[in-house]
Amino acid sequence: MEQIVAQYVRRPCYPPAGSQPVHRGWPSAASTIDPDIRRIAVDGPAMPHWEAVARAMTQAVEQATGRPVALISTATLSRPWSEILDLTGSPGLADDPDFARLAGGTLDDLIEPDRLITPGTGQDVVQLVYGPGAALTDPDVLWWLDRPKRYAEAEVTAGTGVNLFQPGDLPPSTRRLFYTDWPLLDRHRDAISGRVDLWGDLRDLQQPTWITGDCLRQSCARLADRPFRTLPTFNSTPWGGHWAERKLGMNSEGPNTALGYELIAPESGVLLGDHPDLSVEIPFQLVVSRHPGRLMGESVHDRFGTSFPIRFDYLDTVDGGNLSIHTHPQPDVMREVFGWPYTQHESYYLMVGGEENLVYLGLQGDVDLDEFHQEAERAHDHGRRFDITRYVQTFPATEHQLFLVPAGTPHGSGAGNVVLEVSATPYLYSLRFFDWLRTDGQGRQRPVHVEHAFRNLDPRRQGRAVRDELVQAPRRIGEGQGWHEELLGSLPEMFFEVRRLVIDPAEAADQADDGRFHVLTLVEGDSCRVETARGDHELNYAETIAVPAGLGSYRVRSTSTTRVRLVKARVT
């Protein structure tokens, strides 16, 4: 077993703005309520815990105000389920078991707050409206009680979670969670964040932590002006490996460390607090939505709105299995069918590999696409294995090599690798050609998406062109005393490029941001320091950091006894 890298900070945490405290518990939260309040709205995501939350709040609010509480669930204000299905339908994908169009509209479309009965003036009660959309009921005080998305995904996968306003006798689905619930709830949360009075963190349902709404907003502004890390998390899959468990000490309670979220805007969080054990987690996307120009740069904001367009994650197959051979939607399909304005271009940077390991990338030069299609269908329909390398090329998984993966290109990492995936933000649209007849935790063959995959296949990505265009040699583009910078890969159709900084011990590289954010990961060496006019940040091996655009310039200084190398991505 490899020795754990002690320096890897598994729970990076940042003090709230203005040295404001993080509080804990329902009674302390309820003590902030004016005794004469008429209505408090407690908004938040869809979750199976709302009744328990309402009971805990009732006790705390009654004790704090000395008045009885009348509970109203927003589930009683929602439109009929048949109408919600019509409003959130997915044209062209209605019968698709795995994918749906990203939901448009707002949460306002799904509830009818006018159905809420206002108590008469003689009724000395506190109305407590709780659940998704509670903010729409014209409250006197507004709380947002959050629970990070990873909890919802785990609960829905286990069958214990819920979908937004879905009747309780229907089973939950990740399809609806990913493509309907999360987009609607994210837009709603971001829209009301400016008037939230209290932000609560429900990672611990019995003893939630919380900060004031002013502290939330000031802390978002502060983060947008300084380098920071998001909270790294790893989940498990049938192909997952053990590198992050053994090397970084991550996810030791799980079966493996397959997919590591270093920075994925729709799901990543940031911890606020003086210590991780007394902290609140806020969504990274909330920071982006409140200060998109300051964080991303005005030109990136103009182009992508409030969507942070680059993600960094790990694909760990050390002592695991091959990833599926898959592709991602072509730009027009992504827009018109799946509803994302930009597509899922990717790149693979080999953190750990070897000449005996493989990366699957691009089509063979003499490929028979009809035969490939037939073989993939037979594998899916009849469980017939076939030799994927007859159709898809393989390359040695050389450490520190970058492989470009534009949309439409078949690809996958082989067993024994750690890939740092530097990619466009969309991450839920892996269209599988072949998954090695692998089964899931319930013994069922994992789904593949043969028709989607072949509909989006780019036949230009075949033969010699794959090596020439997608496996590029590093090109030196800048240098200074004891450092240089390399361009590892770029393509005209990909809106981001991947670079690498190489810095000798005790030397420093000055960087200009050109009015747009950078994302950095230390891929070789023990540690370095990102130095800025607004404060410095230590960065250890395998850690990823976002550097906001508004800094203008910054410096990366090696604090390692050996050479350090950092992968850097930027929007072109």
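**Exercise 1.** Within how many Å do the axes of helix α4 and helix α5 come, and at roughly what angle do they cross?

Quick ground rules: the model is predicted, so local features need pLDDT of at least 70 and side-chain atom pairs count only at pLDDT 80 or more, while totals for chains, interfaces and linings use all residues. Residues are numbered from 1 along each chain as its sequence is written, and side-chain values use heavy atoms, with hydrogens and water left out.

*Solution.* Start with the spans: α4 covers residues 149-158 and α5 covers residues 174-192. Their axes come within 11 Å and cross at roughly 150°. α4 and α5 are therefore roughly antiparallel to each other (over 145 degrees, on a scale from 0 to 180 between N-to-C directions). Next, find who touches whom: K149, A152, E153, V156 and T157 in α4 meet T174, L177, F178, W182 and D186 in α5 (heavy atoms within 4.5 Å).

**Exercise 2.** Find the buried residues of helix α11, and say what they pack against.

*Solution.* Look along residues 331-338: V333, M334 and F338 are buried (under 20% relative accessible area, 1.4 Å probe, protein chains only). They cover an arc of only 100° around the axis, which puts them on the same side of α11. Their packing partner is α13 (450-456). Just after α11, G339 takes a positive phi of about 90°.

**Exercise 3.** Trace how β26 and β31 pair.

*Solution.* Take residues 518-524 (β26) and 564-571 (β31): they pair in the antiparallel sense over 6 bridges (pairing takes at least two bridges by DSSP). For a landmark, V519 stands opposite A569 in β31.

Conventions: Helices (H or I, at least four residues) and strands (E, at least two) are DSSP runs, numbered from the N terminus. Buried means under 20% relative accessible area, exposed over 50%, partly exposed in between (1.4 Å probe, protein chains only). The arc is that of the directions from the helix axis to the C-beta atoms. Angles under 35 degrees count as roughly parallel, over 145 as roughly antiparallel, 65 to 115 as roughly perpendicular and the rest as oblique.
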